[in-house]
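You asked for a short note on this model, with attention to its charged pairs. My points follow the structure.

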Amino acid sequence: MKHLANKPTRRPDGAAFFIAVLLAALGALLLWEGARLPQAGGYAGVGPAGVPRAIGWCLLGLAGWTVAAGIRGDYEPRPPQQPAPVLWIVAGLGAQLILLKIAGFAIATGLLFAFTARAFGKRQLWFSIPVGIVISLGIYGVFDRLLKLNLPAGPLETLIYGG
């Protein structure tokens, strides 16, 4: 009886079923859109509805395959979720959106760089923020001087490049 207690349990994979539903919904949408398009193919016999229909049928097939794999438990166990890196990147994007017009491109993008570096494991924000600002100033210079494209200028850009 002890060997049965150590046997891993086979449960249907809920994530696989969720993905299968999304694939089936997208496939059904493509089939519906393909049915609305004319199929007048002319000489070749393939009209504008052919590709959406083919992709729709492929997506429905993939949905069925995903369901079968989810029932059989073919998928490898997934690593545990780590929300902290995603939150660091989202915080960096939010800071960039808020600071872009107030502080300019270099500071806002430098903070995004530092927060993204933090998400990937670089813990020294005191180092990565200035490095990000210097890199962003270089990118600003390329866009401003070489490409003649305007990025939001802040005090640093105005000081170095004259606005």
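1. A definition comes before the rest: a residue is buried under 20% relative accessible area, exposed over 50%, and partly exposed in between. Arg-145, with a relative accessible area of 43%, is therefore partly exposed. Please keep in mind that this is a predicted model.

2. Overall make-up. The protein has seven helices and zero strands. Read from the N terminus, its elements run α-α-α-α-α-α-α.

3. Overall shape. The radius of gyration is 26 Å, whereas a compact globule of 163 residues would have one near 15 Å. Along the principal axes, the C-alpha atoms fill a box of roughly 70 × 65 × 20 Å. Of the 163 residues, 26% count as buried. The exposed surface comes to about 11400 Å², and carbon and sulfur atoms supply 72% of it. Among contacts between residues at least 6 apart in sequence, 50% join residues at least 24 apart.

4. Salt bridges. How many salt bridges does the structure hold? There are three. They are taken one by one in the next points.

5. Arg-78 and Asp-13. The closest N and O atoms of this salt bridge are 2.8 Å apart. The pair links distant parts of the chain, 65 residues apart. Arg-78 lies in the loop between helix H3 (50-72) and helix H4 (83-103), and Asp-13 in the loop between helix H1 (2-5) and helix H2 (14-36). Asp-13 has a relative accessible area of 13%, so this residue counts as buried. Asp-13 also caps the N-terminal end of H2, with a side-chain oxygen 3.2 Å from the backbone nitrogen of Ala-15.

6. Glu-33 and Arg-36. These side chains meet in a salt bridge at 3.4 Å, N to O. The two residues are three apart in helix H2, and so are separated by about one helical turn. Glu-33 is partly exposed at 30% relative accessibility, while Arg-36 is exposed at 55%.

7. Arg-145 and Asp-144. Here the closest N and O atoms of the salt bridge are 3.5 Å apart. Is Asp-144 buried or exposed? At 12% relative accessibility, Asp-144 counts as buried, whereas Arg-145 is partly exposed.

8. Helix H2. This helix has 23 residues and reaches 33 Å from its first C-alpha to its last, close to the 33 Å expected at 1.5 Å a residue. Ala-16, Ala-20, Gly-27, Leu-31 and Gly-34 are buried in H2. The buried residues of H2 pack against H3.

Terms used: Residues are numbered from 1 along each chain as its sequence is written. This is a predicted model: local features need pLDDT of at least 70, side-chain atom pairs count only at pLDDT 80 or more; totals for chains, interfaces and linings use all residues. Side-chain values use heavy atoms; hydrogens and water are left out. A salt bridge is a side-chain nitrogen of Lys or Arg within 4 Å of a carboxyl oxygen of Asp or Glu. Helices (H or I, at least four residues) and strands (E, at least two) are DSSP runs, numbered from the N terminus. Buried means under 20% relative accessible area, exposed over 50%, partly exposed in between (1.4 Å probe, protein chains only). The expected span of a helix is 1.5 Å times one less than its number of residues. Contact means heavy atoms within 4.5 Å. A polar contact is a pair of N or O atoms within 3.5 Å; within protein, one must be able to donate a hydrogen and the other to accept it, and residues adjacent in sequence count only if both atoms are side-chain atoms. The radius of gyration is taken over C-alpha atoms; the globule rule is 2.2 Å times the number of residues to the power 0.38. Accessible areas come from the Shrake-Rupley method with a 1.4 Å probe; for residues, only the protein chains shown count as cover.
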